[in-house]
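Walk through this fold one site at a time. Start from a single side chain, then widen the view.

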Amino acid sequence: MSALLRPVTILCVGGNDIHMGAGLQTDLAVAKALGCHAHLAPTMHTVQTDDGLQSVDVLDREAVGRSMLDGLSDGVDAVKVGALGNELIAEVVVEILDPWRDILPIVFDPVSQASKSKTGVCLNTPAGVQLAEQRLLPMVALATPNSMEYGSGKSYLECPAVLQKGGHADPFLCFESDAQPDYISDVLHVRGRAALEMRHARLDNIQAVHGTGCALSSLVTCYLAQDIELENAVITALRVMQEWLGNTKDGILHPQASEILPGTRMPDQRDADGHIWL
């Protein structure tokens, strides 16, 4: 289908979460809220409950590859990659996306472990994580790890841009002392630029909301698919997430159309400490 005749379209590669609505289900909801179309390429089926991730059934690598190729052949404007499952899936994802690395913006949410899970149940194997770090990160436009996934940042040195979600100055100290600041800090690292710290007020009673990381990376993917510049896309996505989380009343994220548009309500220049308030 001609790009002139189809809506803005993203390809979403990741896990199905039909019970709690994260993963591909969140990707699809976010795309619809922004008026975009989403091709879905499942890597696994998960069973998740309020008690966390219970089981993972990783799909055959050929099936994943076919789904990705079908979506790409229909025409897409950006790609979002989430949970990979294992090194076999990671390898086929890298092989298929490599020819597109300079054509399509690719966003990678490097989730490998659920925040709560049954012992031994993971969203990627150690070998899969290593392969993704070595071969997928260098080809993406943006990776979106949380602070625990980001760690020292050493694994992300070859990644062109990284959004470190929840990037407090010392997140481990926060956990150890049980003290939390009254704001959330996300840090955008772009190669060749000074890091940009973006702060916004901490919201109460949202800790149990499922799929927030998926939603944020999907938002950025949709904006990049519309040719929005990276920093603008990230700032807008963070603001829209704040709006959605602020409207959450039942512990479930409900993506919906927003009046916050890229390029509007942009913050003032960063202050002397190098951060901006959203």
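Where is the place of W244? W244 sits in helix α8, residues 230-246. Helices (H or I, at least four residues) and strands (E, at least two) are DSSP runs, numbered from the N terminus. This is a predicted model: local features need pLDDT of at least 70, side-chain atom pairs count only at pLDDT 80 or more, and totals for chains, interfaces and linings use all residues. Residues are numbered from 1 along each chain as its sequence is written, and side-chain values use heavy atoms, with hydrogens and water left out.

W244 is buried, at a relative accessible area of 1%. Buried means under 20% relative accessible area, exposed over 50%, and partly exposed in between (1.4 Å probe, protein chains only). Leaving aside neighbours within four places in sequence, W244 contacts V30, A33, L34, L219, L253, H254, P255 and Q256. Contact here means heavy atoms within 4.5 Å. S258 lies 14 residues from W244 along the chain, and their C-alpha atoms are separated by 8.8 Å.

Now step into the loop between α7 (212-225) and α8, where D227 is found. D227 is exposed, with 72% relative accessibility. Its backbone stands out: D227 has a positive phi of about 65° although it is not a glycine. Most residues other than glycine have a negative phi.

Helix α4 spans residues 126-136, and G128, L131, A132 and L136 are buried there. Why do they line one face? Seen down the axis of α4, the buried residues fall within an arc of 100°, so they line one face of the helix. The arc is that of the directions from the helix axis to the C-beta atoms. An α-helix has 3.6 residues a turn, so residues three or four places apart point the same way. What do the buried residues of α4 pack against? Their partners are β4 (78-81), α3 (87-97) and β5 (106-108). The face turned away from the buried side carries the exposed residues P126 and Q134.

Next come the strands. Strand β2 (residues 37-49) pairs with strand β3 (residues 52-58) in the antiparallel sense, over 6 bridges. Two strands pair if DSSP finds at least two bridges between them. β2 and β3 form a hairpin, with 2 residues between them. T46 has V56 as its bridge partner in β3.

With a relative accessible area of 12%, N16 is buried. The side chains of N16 and H45 are joined by a polar contact of 3.2 Å. A polar contact is a pair of N or O atoms within 3.5 Å; within protein, one must be able to donate a hydrogen and the other to accept it, and residues adjacent in sequence count only if both atoms are side-chain atoms.

Turn to the rings. Rings of Phe, Tyr and Trp (its six-membered ring) pair if their centres lie within 6.5 Å; planes under 30 degrees apart count as stacked, over 60 as edge-to-face and the rest as tilted. By this rule there are 2 aromatic pairs. In one of them, the ring centres of Y183 and W277 are 5.7 Å apart and the planes at 75°, so the pair is edge-to-face. This pair links distant parts of the chain: Y183 in strand β8 (residues 183-190) and W277 in strand β10 (residues 275-277), 94 residues apart.

Finally, the whole protein. It has 8 helices and 10 strands. Of its 278 residues, 48% count as buried.
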